[in-house]
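I'll keep this short. Please have the model up on the screen while I talk.

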Amino acid sequence: NEAQKKKYLGMLTSEPIFAAYAITEPAAGSDAAGIQARAKKDGNDWVVTGQKCYITNAAWATWFVVFATVDPKLRHGGIMAFIVDRDMPGVSIGKTEDKLGQRASNTAVVNLDDVRIPSSNVLAEAGHGFKLAMQTFDRTRPDIGAGACGLMRRAMEESIAYALERKTFGVPIAEHQMVQAMIAEMGIRYEATRLLVHKAAWQIDNGGRNSLVASYSKAFGADSAMQVATDAVQVFGGNGYITEYPVEKLMRDAKILQIYEGTSQIQRMVIAKNLFAGVR
């Protein structure tokens, strides 16, 4: 509502602070409807108990959007969303994860122990929280595609520069057709992902539903980024496998794109559901 926007979005624009989105749990990743964090009404307040994991910015966030359910048996129908301040009693940050890639991004556990939340901080009532989560993913999945574009472009540019410099059999490896084919594929994947991301963003700007194209951009972009990064390491050969050169980091960073914001497999489920429903 407007009061929530003024207070919490105002915080984000008035000073350089972080917020975090907390839906994933140890037993509920791809199955977002299976969350177990409980929300119980107590007078005019709600009391939330549970644990969230793999939460980006968790250790640095001033406030969180937290999803919890009034009854796990209700699945989609029981999920609520709350705005939770970091300094509310019962909120604590657990283990910070040591990750394969994207190591500069903070990822940690959020513990919620009988956190008392005023009704004014309810973001979505029971039965509406899951829909809100899915609408959020429609907006954020193209962001992952955009990140994939950046990663692919870096991998491609590094590969081109290296291929023009590195020589085998008396000529730069850029003259070998197998290397040319890998780098050409990088260009195709980069440009195709970029266009899918732009289409998904255009749909958002025009107020249309973008679930299908959002998943196209995320699934194709994430899988392409992983392939492009792997091929970049191949272009670099042995040098690609050591940290002195940049492409091993790109390969490590690319992998998570296929996992968070809905795995590549979940994207295909979303895509198939939309296609069978006649959404074009």
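In the largest nonpolar core, which has 28 residues, Leu 151, Met 186, Ala 225 and Leu 257 touch the most other members. A nonpolar core here is a set of buried Ala, Val, Leu, Ile, Met, Phe, Trp, Tyr and Cys residues joined through side-chain atoms within 4.5 Å; buried means under 20% relative accessible area, with a 1.4 Å probe and protein chains only. At least two residues of this core come from each of α2, α3, α4 (211-236) and α5. Helices are DSSP runs of H or I, at least four residues, numbered from the N terminus.

This is a predicted model, where local features need pLDDT of at least 70 and side-chain atom pairs pLDDT 80 or more, while totals for chains, interfaces and linings use all residues. Residues are numbered from 1 along each chain as its sequence is written, and side-chain values use heavy atoms, without hydrogens or water.

Take Ala 225. Beyond four places in sequence, Ala 225 contacts Ala 148, Leu 151, Met 152, Ala 254 and Leu 257, contact being heavy atoms within 4.5 Å.

Now Gln 258, in the loop between α5 (247-255) and α6 (264-276). Is Gln 258 buried or exposed? Gln 258 is buried, at a relative accessible area of 14%. Leaving out residues up to four places away, Gln 258 touches, among others, Lys 218, Ala 222 and Asp 223. Its C-alpha atom is 10.0 Å from that of Ala 148, 110 residues away along the chain.

Terms used: Buried means under 20% relative accessible area, exposed over 50%, partly exposed in between (1.4 Å probe, protein chains only).
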